[in-house]
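Subject: Handover of a structure and the findings from it

Dear colleague,

Please find below the structure that I am handing over to you. I would ask you to keep it open while you read the notes that follow it.

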Amino acid sequence: MPMSDRPEIAASERRQWVLEALDEYEGRLVRYALRLLGDADLARDAVQHAFLKLCEQSQAEIGSRLAAWLYTVCRNRATDLLRSHARERQAKTDHGDQATGEEADPAFRAEEADLSGLLRRLITRLPASQREAVDLWSEGFTYAEIARIARRHEGHVRVLVHRGLKALREHPEVRPLLVDEVGPVCRAGK
């Protein structure tokens with residue numbers, strides 16, 4: 001194979017790697033950035049920045065840390081955008097996850113939408129550090145990965161997730177919805 005073909009092959013492999021990463025992580029990153037920034041346009045900008053930076057990297061440099069690397073770059077860009085706009089933003093919840101396509105009865109879908117809306121609303125009320133940790137945890141990241149993304153100690157991330165989930169579980173609007181296998185959650189003093 002002539003030497004001139006090798007750069008073309010490497011470029012093609014890099015392009016394929018970036019496209020596969022885009023397919024796998026773009027939606028999740030946009031939702032994450034939207035929760036951080038509260039603005040859909042800024043969220044898309046942060047995600048675009050992360051993928052542009054990915055184009056400058058090699059697969060060997062990032063290795064198996066691709067998800068954590070993308071979330072870290074996206075988070076850093078979101079932080080920069082928040083600073084540059086110098087105003088507090090609250091997450092908009094009307095761009096949440098779409099239905100899975102599974103056909104369910106309308107009552108079930110309505111209940112599920114109500115619960116999802118309630119949880120998204122309550123999550124926005126958590127302190128920013130807990131909200132970010134719970135968001136990443138709900139995306140399936142391990143505590144170690146969240147610690148790298150958020151630049152915190154793993155033990156602190158565990159505490160943030162625990163406290164965030166506890167606050168959600170104990171909220172007066174959520175408590176009645178929690179049930180165990182026997183029946184409603186036991187109330188104190190009963």
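A residue is called buried when its relative accessible area is under 20%, exposed when it is over 50%, and partly exposed in between, using a 1.4 Å probe and protein chains only. By this definition, 30% of the 190 residues of the protein count as buried.

Two remarks on the source are needed. This is a predicted model, in which local features need pLDDT of at least 70 and side-chain atom pairs count only at pLDDT 80 or more, while totals for chains, interfaces and linings use all residues. Residues are numbered from 1 along each chain as its sequence is written, and side-chain values use heavy atoms, with hydrogens and water left out.

Overall architecture

The protein has eight helices and zero strands. Here helices (H or I, at least four residues) and strands (E, at least two) are DSSP runs, numbered from the N terminus. Along the sequence, the pattern reads α-α-α-α-α-α-α-α. A contact means heavy atoms within 4.5 Å. Among the contacts in the protein with a separation of 6 or more, 65% come from residues 24 or more positions apart.

Salt bridges

Side chains of opposite charge can pair when their charged atoms come close. A salt bridge is counted when a side-chain nitrogen of Lys or Arg is within 4 Å of a carboxyl oxygen of Asp or Glu. The structure contains eight salt bridges.

One of them joins D41 and R44, with an N to O distance of 2.5 Å. Both residues belong to helix α2 (residues 40–55), where they are three residues apart and therefore separated by about one helical turn. D41 is partly exposed at 48% relative accessibility, and R44 is partly exposed at 43%.

Another salt bridge links E56 and K53, at 3.8 Å from N to O. In this pair E56 is exposed, with a relative accessible area of 53%, whereas K53 is partly exposed at 32%.

Which residue forms a salt bridge with R75? The partner is E132, and the closest N and O atoms are 2.5 Å apart. R75 lies in helix α4 (residues 66–85) and E132 in helix α6 (residues 128–138), so this pair ties together parts that are 57 residues apart in sequence. R75 is buried, with a relative accessible area of 15%, and E132 is buried as well, at 7%.

Two packed helices are described by the angle between their axes and the distance between the axes. The axes are lines fitted to C-alpha atoms, for helices over the stretch in contact, and the angles run from 0 to 180 degrees between N-to-C directions. Angles under 35 degrees count as roughly parallel, over 145 as roughly antiparallel, 65 to 115 as roughly perpendicular, and the rest as oblique.

Helix α6 packs with helix α7 (residues 143–150) at an angle of about 135°, and their axes are 10 Å apart. This angle makes α6 oblique to α7. On the α6 side, the contact is made by E132, A133, L136 and W137, and on the α7 side by Y143, I146, I149 and A150. By class, the contact of α6 with α7 has seven nonpolar, no polar and one charged residues. In this classification Ala, Val, Leu, Ile, Met, Phe, Trp, Tyr, Cys and Pro are nonpolar, Asp, Glu, Lys and Arg are charged, and the others, Gly among them, are polar.

Helices α7 and α8 pack at an angle of about 105°, with axes 8 Å apart. This makes α7 roughly perpendicular to α8. Y143, A144, I146 and A147 of α7 meet E154, V157, R158 and V161 of α8. The residues of this contact divide into six nonpolar, no polar and two charged.

Two individual residues

Most residues other than glycine have a negative phi, and most peptide bonds are trans. R151, although not a glycine, has a positive phi of about 55°. R151 is found in the loop between α7 and α8 (154–170), and this residue is exposed at 61% relative accessibility.

T72 is placed in helix α4. Is T72 buried or exposed? At 16% relative accessibility, T72 counts as buried. Apart from its neighbours within four places in sequence, T72 is in contact with R148 and I149.

Yours sincerely,
A colleague
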